[in-house]
Amino acid sequence: MTKRWPLVAVAAALALAGCSSDLPDDTAPGGGSSGSDTRKSEFFDQAEYDRQLAFRNATPQGPDGKPWEQMLEPEMVDTAKFAKPGGKYTLCFSNAAVDNPWRQVGFKTMQQEVKLHPEITDFVVLDAEAKDDKQISDLQSLSGRNCSAIIISPNTTATLTPAVEQACASGVPVIVFDRGVNTSCPVTFIHPIGGFAFGANGAEFLKEKVKPGGKVLALRILPGVDVLEQRWAAANEIFAGSELDVVGVEFTDGDAAKTKSIVADYIQREGEINGVWMDAGATAVAAVEAFQDAGVDVPAVVGEDQQDFLRLWVDEGLTAVAPTYPTYQWRTPVIAALKILKGEQVPKEWVLPQPRITSDNVREYVKQDMPPLHYAMCGCEGMPGYPGPWK
């Protein structure tokens, strides 16, 4: 029996323009809708929604100060059959893409984690370039690479499921992270709490900060990726039960210029916008700049943990929140793979903490010496060579 494994990120996650996607029935690609869409998304699951919102207050198990090794309410599984004593492992990674800053920061963090483990003698990386067909081919090609374990970050959910199941059938342990697939065959699925938690954090913030009747603009990247669909499904659920007026739901393709143009059009059309919700914050600065260019006050805004937004938030005194899809999760699959190859137990679903940045703690995450699109939740500050590889 297969089941959908819940997923969050990234940030900011995040396939951008030109990515293939699995379109839900109620979503039109590339377009927007005016007003709140109260229809239930096929990605909305009430039980999973409730579970993720409860996870936000759960106490994680694991070492203090290392959230990438922590876990929430884990159900451990035996991995003795995958044990390969003696080290000298070939770790293989099928990556959806490195086509945006969130994924670039995450991949750099993963590469540095690999360097911490001399028992990994070969690290084979295949980049799917945000193309489903290429990732399917990539996974097939790994069968001849003597992989000790295979890590997969799927490009999209439904389309990659058969390829992941085929990889599982090879007998090599498979670790899925970041985005989910519709099968439970991998040894472990690693992700922060989830897209429902991310979307709800932003929507609850706007419900608190925007007066009843206020106009909210929702900005999305693209349809069809479960982590993003869940974010919007949660926000839509909260907005539908509020007195806020969602005047538009628009896809930006993660493009800053397109984001600014969309926001400017809505400011002109509606007269004012009182809140901006985003399913990923890489273009949050562009959204803010649209208000500044129009000479109007910046409303309450949902961003993410990239440095340009955090700096602008502090410098301008914005009313803002940053749900996060921590890039430190890119460390965890490497750690999990080594545990599995040593026959140690791992969680079947490895749920990581998913912090939120607020006005109370935002200054702790501002790093003036890091690039504008560096993500604060990298978990990389204590790694050898920091900050060099991330600059």
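Author: Helices (H or I, at least four residues) and strands (E, at least two) are DSSP runs, numbered from the N terminus. By that reading, the protein chain holds 11 helices and 15 strands. This is a predicted model, in which local features need pLDDT of at least 70 and side-chain atom pairs count only at pLDDT 80 or more, while totals for chains, interfaces and linings use all residues. Residues are numbered from 1 along each chain as its sequence is written, and side-chain values use heavy atoms, with hydrogens and water left out.

Some background on the whole chain first. Its C-alpha trace spans about 65 × 45 × 35 Å along the principal axes. Of the 391 residues in the protein chain, 59% are buried (under 20% relative accessible area; exposed is over 50%, partly exposed in between; 1.4 Å probe, protein chains only).

Now to the rings. Those of Phe, Tyr and Trp (its six-membered ring) pair if their centres lie within 6.5 Å, and planes under 30 degrees apart are stacked, over 60 edge-to-face and the rest tilted. This rule gives 14 aromatic pairs. Take F93 and F177: their ring centres are 6.0 Å apart and their planes meet at 40°, so this pair is tilted. The pair joins distant parts of the chain, since F93 belongs to strand β3 (residues 89–95) and F177 to strand β6 (residues 174–177), 84 residues apart. F93 has a relative accessible area of 0%, so F93 is buried. F177 is buried too, because its relative accessibility is 0%.

Next come W102 and Y325, a stacked pair with 5.1 Å from centre to centre and 20° between the planes. Here again distant parts of the chain are linked: W102 sits in helix α2 (residues 101–115), Y325 in the loop between β12 (320–323) and α10 (332–341), and 223 residues separate them. Both W102 and Y325 are buried.

If you leave F177 at strand β6 (residues 174–177), the loop between β6 and β7 (188–192) holds D178. Phi of D178 is near 75°, a positive value in a residue other than glycine. D178 counts as buried because its relative accessibility is 0%.

For a second residue with positive phi, turn to E129. It has phi near 55° and is likewise not a glycine. E129 belongs to the loop between β4 (120–127) and α3 (132–141). With a relative accessible area of 44%, E129 is partly exposed, whereas D178 is buried.

Y386 and P387 are joined by a cis peptide bond, with omega about 10°. P387 is in the segment after α11 (362–365).
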